[in-house]
Amino acid sequence: MDIKRIIATGVAVLATIAMVPVQASASETDSAQDRQPVAARSCPEVGQTSVKATITDRNYHIGVGTVFRAGPGGTISATVKKSYTISVSSNISGSISAGEIAKATVSAGVSTAISDSTSTSYTFTRGITPGRYGNLQYGNYGTKVKVTKTMIVAPCNVKTIASGTATVPSRNTWGYKYWES
């Protein structure tokens with residue numbers, strides 16, 4: 001047998017196999033809408049980056065200034081007459097800007113700011129549980145997030161280039177945090 005005859009026989013066998021009808025399953029014959037062609041999926045461009053934030057605490061106290069302490073027992077009272085500015089802070093391995101963190105946090109559904117300021121004259125008084133110490137600190141009630149920055153390094157291949165946690169202030173949400181020790 002020569003090579004042309006072998007190739008022709010192989011092509012004929014493949015053509016015959018391709019024409020064998022296959023029984024469709026019930027789910028494949030349910031409706032004509034289900035038999036639409038599958039669109040090819042494209043991958044993002046190599047080098048494209050994205051930042052994702054996952055909220056871990058929506059009411060996270062970002063303390064500023066002095067921690068007041070009194071006790072054991074009795075009352076604790078503190079007055080703040082000062083201006084404060086607080087900004088996004090993070091412990092992220094790698095490079096993610098404050099703007100990227102704030103934008104990712106907003107995408108996660110929280111209204112945040114890169115920084116927020118307040119001028120206040122505010123007094124807080126509270127009773128302390130007998131035998132315990134009361135602690136007070138003024139600050140912003142912002143958001144704590146887990147942040148991940150990824151980059152497309154090859155078609156459809158993602159690599160994490162930075163990750164960690166960050167605190168992002170909320171606009172005009174200031175007040176005291178009280179805890180006992």
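**Aromatic close-ups**

**View 1. Ring pairs join F124, Y138, W174 and Y176 into a cluster.** This is a predicted model, where local features need pLDDT of at least 70, side-chain atom pairs count only at pLDDT 80 or more, and totals for chains, interfaces and linings use all residues. Residues are numbered from 1 along each chain as its sequence is written, and side-chain values use heavy atoms, leaving out hydrogens and water. Searching the whole structure gives 3 aromatic pairs (rings of Phe, Tyr and Trp, the last by its six-membered ring, with centres within 6.5 Å; planes under 30 degrees apart are stacked, over 60 edge-to-face, and the rest tilted).

View 2. F124 belongs to strand β4 (residues 115–128) and Y176 to strand β7 (residues 174–180), so the pair bridges distant parts of the chain, 52 residues apart (strands are DSSP runs of E, at least two residues, numbered from the N terminus). Y176 is buried at 8% relative accessibility (buried means under 20% relative accessible area, with a 1.4 Å probe and protein chains only).

**View 3. Y138 and W174 make a stacked pair.** Look for 5.9 Å centre to centre and 20° between the planes. Y138, in strand β5 (residues 134–154), and W174, in strand β7, are 36 residues apart.

**View 4. The charged end of R69 sits over the ring of Y133.** Its distance from the ring centre is 4.4 Å (the cut-offs are CZ of Arg or NZ of Lys within 6 Å of the ring centre and within 35 degrees of the ring normal).

**View 5. K177 lies over the face of W179.** Here the distance to the ring centre is 5.7 Å.

Technical notes:
Helix = DSSP H or I, 4+ residues; strand = E, 2+ residues; numbered from the N terminus. Buried < 20%, exposed > 50% of the residue type's maximum accessible area, 1.4 Å probe, protein only.
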